[in-house]
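User: I'm new to reading protein models and would like a close look at one part. Could you walk me through the side-chain contacts, in plain words?

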Amino acid sequence: MKISPVTDGIYRLSANAENILFEGLWPIPNGVSMNSYIVQGEKTAIIDGVCGWDGVPETLFSQFGEAGIDVNSIDYVVINHMEPDHSGWLEEFRCIRPDFVIVTGKKAVPMLESFYGIKNEVIEVGDGDTLDLGAGKILSFAEIPNVHWPETIATFDTDSGTLFSCDAFGSFGAISDAPYDDQLSPEQIDFFEAEAVRYYANIVAAFSTPVKKAIEKCGSLPIKIVAPGHGIVWRRDPHKIINDYRRYADYQKGPARDEITLIWGSMYGMTEKAVAPAVEALESAGAKVHVHRVPESSWGDILASVWTSTGVVLAMPTYEYKMFPPMAAVLDELGKKKVQNRKAFRFGSYGWSGGAQKELDEIIKRWKMNWEFLEPLEFKGSPGGEDIDTIRSRCRELARVVNKDGWYTPGIKKGDYCIS
Ligand code: FEO
């Protein structure tokens, strides 16, 4: 856990969480950082906190001293978002400093009581409200509901132009001694972009419309630094992560990048026999392909992959008159995240009766996913030579469709456009 100065009067405190399932659900193979920020005027505020995983928040508290900050000097605790990865330290903090004032959004107030039994010493803030810390430090607040929960607000330091955005503009990925974009190599920035995509697809994706509204609202602010609750702080190029998030939000309704994700599952190897020819056909047609097997691959990886792909190939057998269950579970999750308007193709084996295709059609309809499928191919038992030829042909066709539709405007590659 580290403390470092972000800019004049602002410190970043952070702990890495590793070897956990984020939200009790999502694998985070590269960990995640949990960030808090201290803003010092004549009065002192701490913005967000960190969950009580493994020695946190005790290590957070120990860093106050390192920064020369007396814990008793903290006047305000700003809670941007009530999810316990940010608010879960309040009970411990109350043990060492009982008389602080919480500043938070209106919808967070009843949650403070139900989560932690906190009923008083709360200032409710909404759009345009400010908190004057003295010495030129004035915090203003903006409601950004559903990024990620309905009560979420963002806090903006009008003096330095620092936006404390909590989950918005965050990423997975533990952070060592270099938490700022101006300290990182292009390769390290690429790493955090990949972690941002997975974070977005896993945690924020279902709320892509609110994300766009939040970007629009925050766009009116003179932002010089983006300081999220997870991930690196953007000082050199704060608009990069804002533009990245705008693009990720657009991926929900597609098209996304000119890439294809192939998800497959197989019981006894019948469907599997057609997977390698399908991948070979896609790649020979020039497609960039991501391959995931269910149930072995993590949902987190599959979601991130499909989120950024315009094309999807699904390969799975029928299982007890229905779809191979782990594939159905993944598709249900894609439906809940509102992954829409993909170009797709499905093939798979059956033993004595089909059923996978019927369930696939039901899932696509139930979640209003509006995926456009090439004609599916089902084969009895093992795929024959003609089946393989048909699968190859349809995969080449899918690659062609994805490439053809893979442009927003001539000369600008899908997924690479940028608004600033
Ligand atoms: Fe990082 Fe929605 O909490």
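**Around a loop, and on to the side-chain contacts**

Analyst: Let's begin with Met267, which sits in the loop between strand S15 (257-264) and helix H8 (275-284). Keep in mind that this is a predicted model. Met267 counts as partly exposed because its relative accessible area is 36%. Together with Tyr268 and Tyr319, Met267 makes a nonpolar surface patch of about 350 Å².

Side chains of opposite charge can pair when their charged atoms come close. Here, Glu259 and Lys288 meet at 3.8 Å, N to O. This pair links distant parts of the chain, with Glu259 in strand S15 and Lys288 in strand S16 (residues 288-293), 29 residues apart. Lys288, at 48%, is partly exposed.

Another salt bridge joins Arg394 and Glu375, whose closest N and O atoms are 3.6 Å apart. Arg394 lies in helix H12 (residues 385-404) and Glu375 in the loop between strand S21 (372-373) and strand S22 (377-380), so this bridge ties together parts 19 residues apart in sequence. Glu375 is exposed, as its relative accessible area is 55%.

Now compare a pair within one helix. Glu195 and Arg198 form a salt bridge of 2.8 Å, N to O. They are three residues apart in helix H5, so about one helical turn separates them. Both Glu195 and Arg198 are buried. Helix H5 (residues 186-204) also holds Asn202, which is buried because its relative accessibility is 1%. A polar atom of the Asn202 side chain lies 3.1 Å from the backbone oxygen of Gly300.

Salt bridges can also join up: Glu193, Lys240, Asp244, Arg247 and Arg257 are linked in a network of them. Across the whole structure, a search finds 23 salt bridges.

Finally, the rings. A pair of aromatic rings is described by the distance of the centres and the angle of the planes. The structure holds 17 such pairs. One of them is Phe93 with Phe100, a tilted pair with 4.9 Å between centres and 55 degrees between the planes. Both Phe93 and Phe100 are buried. Tyr248 and Tyr251 are tilted too, at 6.3 Å centre to centre and 45 degrees between the planes. Both lie in helix H7 (residues 238-251), three residues apart, about one turn of the helix, and both are buried.

How values were computed:
Residues are numbered from 1 along each chain as its sequence is written. This is a predicted model: local features need pLDDT of at least 70, side-chain atom pairs count only at pLDDT 80 or more; totals for chains, interfaces and linings use all residues. Side-chain values use heavy atoms; hydrogens and water are left out. Patches are made of residues with over 30% relative accessible area and no salt bridge: like charges are joined within 9 Å, nonpolar side chains (Val, Leu, Ile, Met, Phe, Trp, Tyr) within 5 Å. Accessible areas come from the Shrake-Rupley method with a 1.4 Å probe; for residues, only the protein chains shown count as cover. A salt bridge is a side-chain nitrogen of Lys or Arg within 4 Å of a carboxyl oxygen of Asp or Glu. Helices (H or I, at least four residues) and strands (E, at least two) are DSSP runs, numbered from the N terminus. Buried means under 20% relative accessible area, exposed over 50%, partly exposed in between (1.4 Å probe, protein chains only). Rings of Phe, Tyr and Trp (its six-membered ring) pair if their centres lie within 6.5 Å; planes under 30 degrees apart count as stacked, over 60 as edge-to-face and the rest as tilted. A polar contact is a pair of N or O atoms within 3.5 Å; within protein, one must be able to donate a hydrogen and the other to accept it, and residues adjacent in sequence count only if both atoms are side-chain atoms.
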